[in-house]
Every structure is written in structure tokens, then in C-alpha cells.
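Dear colleague,

Please find below the structure that I am handing over to you. My findings follow it.

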Amino acid sequence: MPKPVVAIVGRPNVGKSTIFNRIVGERISIVEDIPGVTRDRIYSSAEWLSKEFNIIDTGGIEIGDAPFLAQIRHQAEIAIDEADVIVFIANGLEGVTSADEEVAKILYRSEKPVVLGINKVDNPEMRDQIYDFYALGFGEPYPISGSHGLGLGDLLDAVIANFPANQSEEYDDEIIKFSLIGRPNVGKSSLVNALLGEERVIVSDIAGTTRDAIDTMYKYDGREYVIIDTAGMRKKGKVYETTEKYSVLRALRAIERSDVVLVVLNAEEGIIEQDKKIAGYAHEAGKAVVIVVNKWDAIEKDEKTMKEFEEKIKAHFLFLNYAPIVYLSALTKKRTHTLIPMIDLASENHAMRVPTNVLNDVIMDAVAMNPAPADKGVRLKIYYVTQVAVKPPTFVVFVNEPELMHFSYERFLENRLREAFGFEGTPIKLIARARK
Ligand SMILES: Nc1nc2c(ncn2[C@@H]2O[C@H](COP(=O)(O)OP(=O)(O)OP(=O)(O)O)[C@@H](O)[C@H]2O)c(=O)[nH]1
Ligand SMILES: Nc1nc2c(ncn2[C@@H]2O[C@H](COP(=O)(O)OP(=O)(O)OP(=O)(O)O)[C@@H](O)[C@H]2O)c(=O)[nH]1
């Protein structure tokens, strides 16, 4: 089920990021600290009354050197393009400003529901001041205080009440969904075209939350695939579509809807910081990952080139050590046929379920071979392991003291699981829990 998308808009300094952070809370991703991966907090999943949604802080998307008013206009347009419900924030301490009216004007033009939040209403006496904001024309203004966490419940109730009704299932579970991410010009569109070749292409425009996302159905060897957001890869019409943060936002949304993410690199240009950042998003989302080195035709090669490139990738993407690497050329179509089998493999491993008894045999053997080190005289004891989820495979390890599970030991156990079961192409997650 596609999750509804909520976007926060408003002129600078009204408290959008404060509210975003409040709503998102402390969401811990699959790997807490990947060195070198900076997290842009402009997009996150969130939950209210067990309704899940995604939320965008449009204030975090700066549009180059556009002047003040153009900035807020573009941000409002992004909200309209990307969201199902828009949260419009104004500042209760300052009353209605002309910049607020500017935002309102753009929002009127859309048919998206708008919930108006008046921020910085830090105490109940200030509530009378919010009535001025009826003038903005979005009905009842909700008084809130982002910094004190007040009033957000009522605001979110209104947001949820505006979610689109009965969204249909996106695709059948057997259909493998994949997306291509990578910085501009690495060859994502060319690769999609190379894959599609002469095949009949059915482009589906999905109804519901994923506005603007054009997915492509793809059949290979009798199996069905969906290439997620092929439109997002091509589209570059509006001013903000060329900004880096916006493409990050599109990439994050495509990643989220995928089973397998292809991180596309350019052999000609090698690996740069931006590639690392993009790869980090795929990893953090817990998706299966295949690294694609494109433009392999364009470089001088000898028998060592591939090995050298692989070492470079391993060094730059330590956190993606499970991702298989495919070298190909979208231009000449050399080795493009090796890609789909890799996607199949990564996807299968991402959904792998290991029987509990086999799992425990492997872990107990590992522990016997290499017992956990003691910490201040107390030794970690592992009682039992069970797989609690797939996509990615997630294991709960029941222990005496979860704090004794150090990173290096966890890594050791993870490696043993990988040796025993494969898991090529997928992250796996270990969670230490105290046995009750
Ligand atoms: N008094 C008060 N101050 C707040 C509240 N929420 C945010 N602020 C303050 O307002 C300032 C701006 O907050 P941000 O969350 O950065 O605002 P923003 O809208 O994201 O700003 P841009 O990123 O510039 O668009 C900060 O100094 C916050 O501490 C609130 O509920 N009450
Ligand atoms: N030599 C060579 N050139 C390639 C290959 N794949 C793509 N190109 C070229 O690289 C350029 C960019 O390719 P695109 O497919 O548009 O790249 P993209 O990643 O979709 O780019 P954005 O849409 O900007 O994100 C084009 O000029 C392609 O012809 C390849 O395998 N070898």
C-alpha cells in the first residue's frame, strides 16, 4: 500500500523543521551511524494513531540563488506536486504577513487539502491571536508550538482525516520492483532504455499518492518487473527539478517503493562523494542493492581494471559490502543481460526466511568457535535467535545483557550468517534483546 505523503510549507523561520522533527520523532534507521553519510532531514517516514505516512520538509529544499519570494513559491509548488496533504505553517507571534499570503495564493490553485498550523503559540493565552489567520482562507487554524510539542495531535488528526480514501495495492507481491539511482549523467535513462530494448513497454500512471511517478512494466524471461519512477529520472521542466535536494527527494521516494535499488556509477568518472551519499540512502532504507558500473565501454581496460575498480568500490562503500557489482555498458549493451539475474538474486535474498533450527545451529556454532568477549567481568550470553522479518531479513538475538552486544561481535555474527546463508545483495539486521 503506498503511504500518503504530507508536505510542510511556509515562509522561512516559522518553525517548519522544528515541527518536522517533532512529527518524525527519533526514527532510528537500520544503521545508525554510517561514516560519511550525511542525512538530509527533509524526508522521513512518520506515524500518527498507527497511520503511517511520509513527510517532507520543503523548507530544506533551497532553490539555488532564487530570490526570497521565488524560493517559497517553489517550495509550495513542490508540496503541491509531491504531497497528498499540505501542512501550511505560519507564525502566531507575527500575524499574517505578505509572504504567508504569497504561499496561500499558490496553494489555492491546487486541489490538495491544506491544514493550517499556527506555530509558536507557546501558551494558551496566545490562542486568541490565531483568529486573524482565518483570513488566509484554509478554514480553522490549528494553534501549535513546535518547540513545546503542543497542539500537534489536533493538527495531525486533521491531516489524517484528509488522507485519500481507499488507495489500491500498488503491485502484486511476486512482481520485483526496482529503481535506478545515481547522480546526473551516469546513464540511468540509457540503461532503462537498453533493458527495455524492443520489449513492449507498458507505462502505468499510478493513481493515488504517487503522483507524478511513472512506472514501467517490464517482462524478462517470463517474469514481471516494475521499474519505479522512470519519469522522475527524465523529467526536468520546472525550476526546482534541477536542484540537488529535489533529486534526492525523488530518489528517496523511488527507493522506498522498490525492492531492489540499482546504484549506478560512471566508470569514466570514478566514484565521488555524491555517489557515496546516494548509495547510503539505499542502504539506510534496508533495500536490496546492486551496484552497476556503467560506461564500461568508455575506459581503457586490461585484465586488472575490473579488480581495481572493485577494490575502489569496496573502499568507498564499506557499508555496502553485501552488494554485488555489475560492469556494463548501456550504450553498447555489453553485459546488460547480466543485470536482471543479479536483481533476481538480490531480491530473493532480501525476502529470504531461514528456518529457526538451522539459524540457531549456525549461531551456536559461531558462539562456540568465538565466544563473546567479557566486559567488566560479565560475558554476553546468547540464548536463542529468531528471524522476525524479511525485506530485509531481521533477526532478534535473545541475550542476557543487550548492552554487551558490541558492534564488532555483531559484525562477526552477521558475517557467519552471510557465510551460511548467502544474503548476497541484501542488508541484514540483528537486534539484541534481553530474554524475559
Ligand atoms: N517560541 C517558539 N519558537 C519556535 C517554535 N518552533 C520553532 N521555533 C523557533 O523558530 C526558529 C525557526 O525554526 P525552524 O524550525 O528552523 O524554522 P523553519 O521554518 O524550518 O525555517 P527555514 O528552514 O528557514 O524554512 C528557531 O529559532 C526555533 O527555535 C515554537 O513553537 N515556539
Ligand atoms: N560511453 C557511454 N556513454 C553512455 C553510456 N550510458 C549512457 N551514456 C551517455 O551518458 C550520457 C548521460 O546518459 P543518461 O542516460 O541521460 O544519464 P542519466 O543518469 O539518466 O542522467 P540524468 O537524467 O541527468 O539523471 C548520455 O550522453 C549517454 O549517451 C555507456 O554505457 N557508455
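Against which strands do the buried residues of α10 pack? Please bear in mind that this is a predicted model. In it, the buried residues of α10 pack against β7 (176-181), β11 (260-266), β12 (288-294) and β13 (325-327).

The helix itself, α10, runs over residues 339-350 and has twelve residues. From its first C-alpha to its last it reaches 16 Å, close to the 16 Å expected at 1.5 Å a residue. Its buried residues are L339, M342, I343, A346, S347, N349 and H350. These residues lie on the same side of α10, because they cover an arc of only 165 degrees around the axis.

I turn next to the two ligands.

Ligand 1 has 16 residues around it, of which P12, G15, K16, S17 and G59 come nearest. Helix α1 (residues 16-24) supplies the largest share of this shell, namely three residues. Sorted by class, the shell around ligand 1 holds eleven polar, three charged and two nonpolar residues.

Yours sincerely

Conventions
Residues are numbered from 1 along each chain as its sequence is written. Chains are lettered from A and ligands numbered from 1 in the order in which they are written. This is a predicted model: local features need pLDDT of at least 70, side-chain atom pairs count only at pLDDT 80 or more; totals for chains, interfaces and linings use all residues. A residue is near a molecule or strand if its C-beta atom, placed from the backbone, lies within 6 Å of it. Helices (H or I, at least four residues) and strands (E, at least two) are DSSP runs, numbered from the N terminus. Ala, Val, Leu, Ile, Met, Phe, Trp, Tyr, Cys and Pro count as nonpolar, Asp, Glu, Lys and Arg as charged, and the others, Gly among them, as polar. The expected span of a helix is 1.5 Å times one less than its number of residues. A residue is buried if 20 or more other C-beta atoms lie within 10 Å of its own, exposed if 12 or fewer, and partly exposed in between; C-beta atoms are placed from the backbone. The arc is that of the directions from the helix axis to the C-beta atoms. Two residues are in contact if their C-beta atoms, placed from the backbone, lie within 7 Å.
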